[in-house]
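Biologist: Before we discuss details, could you put the model on the screen? I would like to begin with the aromatic rings.

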Amino acid sequence: MNTITVSYTCKYRLKNNTNYWFTLCGKCYNNRSGRFIKQVYKNGCLGYTIVGKFKSLKYLKTQLELIPKENTPF
């Protein structure tokens, strides 16, 4: 049996919902549930469903921040 592994690098997260991370290729990942969020086309614009409400990409781009680096004792 063959196995394929894919790794993504997350660089940004939302300011008000820090468990939603965005990869360098533009995919949205929910860190709490461990799932990718599907991009949705609704009312003529693209976006994601964040905490049960649709948010457009235009709005989400204004809410992004860099994920801070954590200091580890290793």
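Modeller: Rings of Phe, Tyr and Trp (its six-membered ring) pair if their centres lie within 6.5 Å; planes under 30 degrees apart count as stacked, over 60 as edge-to-face and the rest as tilted. By this rule there are three aromatic pairs. Please note that this is a predicted model, in which local features need pLDDT of at least 70 and side-chain atom pairs count only at pLDDT 80 or more, while totals for chains, interfaces and linings use all residues. Residues are numbered from 1 along each chain as its sequence is written, and side-chain values use heavy atoms, with hydrogens and water left out.

Biologist: What is the geometry of the aromatic pair of Phe22 and Tyr48?

Modeller: That pair is edge-to-face, with 5.8 Å from centre to centre and 70 degrees between the planes. Strands (E, at least two residues) and helices (H or I, at least four) are DSSP runs, numbered from the N terminus.

Biologist: Are Phe22 and Tyr48 buried or exposed?

Modeller: Both are buried. Buried means under 20% relative accessible area, exposed over 50%, and partly exposed in between (1.4 Å probe, protein chains only).

Biologist: Which residues form the aromatic cluster?

Modeller: Tyr8, Tyr29 and Phe36 make up one cluster. Phe36 also has a charge over its ring: the charged end of Lys27 sits 5.8 Å from the ring centre. The criterion is that NZ of Lys or CZ of Arg is within 6 Å of the ring centre and within 35 degrees of the ring normal.

Biologist: Now to the strands. How do β1 and β2 pair?

Modeller: Strand β1 (residues 10-14) pairs with β2 in the antiparallel sense over three bridges. Two strands pair if DSSP finds at least two bridges between them. Arg13 stands opposite Trp21 in β2, and the two strands form a hairpin with five residues between them.

Biologist: And what does β2 do with β3?

Modeller: β2 and β3 are also paired in the antiparallel sense, over three bridges. Phe22 stands opposite Cys28 in β3. Their hairpin has four residues between the strands, and Gly26 there takes a positive phi near 100 degrees.

Biologist: Why is Asn30 called buried?

Modeller: Asn30 is called buried because its relative accessible area is 9%. Asn30 is found in strand β3 (residues 28-30), and its side chain is joined to that of Asn19 by a polar contact of 3.3 Å. A polar contact is a pair of N or O atoms within 3.5 Å; within protein, one must be able to donate a hydrogen and the other to accept it, and residues adjacent in sequence count only if both atoms are side-chain atoms. Apart from residues up to four places away in sequence, Asn30 touches Asn19, Tyr20, Arg35 and Ile37.

Biologist: On to charges. How many salt bridges does the structure hold?

Modeller: The structure holds one. A salt bridge is a side-chain nitrogen of Lys or Arg within 4 Å of a carboxyl oxygen of Asp or Glu. Glu65 forms it with Arg13, the closest N and O atoms being 2.8 Å apart. Glu65 is in strand β8 (residues 64-66) and Arg13 in strand β1, 52 residues apart, and the pair links distant parts of the chain. With a relative accessible area of 25%, Glu65 is partly exposed.

Biologist: What about the pairing of β5 and β6?

Modeller: Strand β5 (residues 40-42) and β6 pair in the antiparallel sense over three bridges, with Tyr41 opposite Leu46 in β6. In their hairpin, which has two residues between the strands, Asn43 takes a positive phi near 55 degrees.

Biologist: How many bridges join β6 to β7?

Modeller: Four bridges join β6 to strand β7 (residues 53-56), and the two run antiparallel. Ile50 stands opposite Lys53 in β7. Val51, in the turn of this hairpin, has a positive phi of about 50 degrees.

Notes. Contact means heavy atoms within 4.5 Å.
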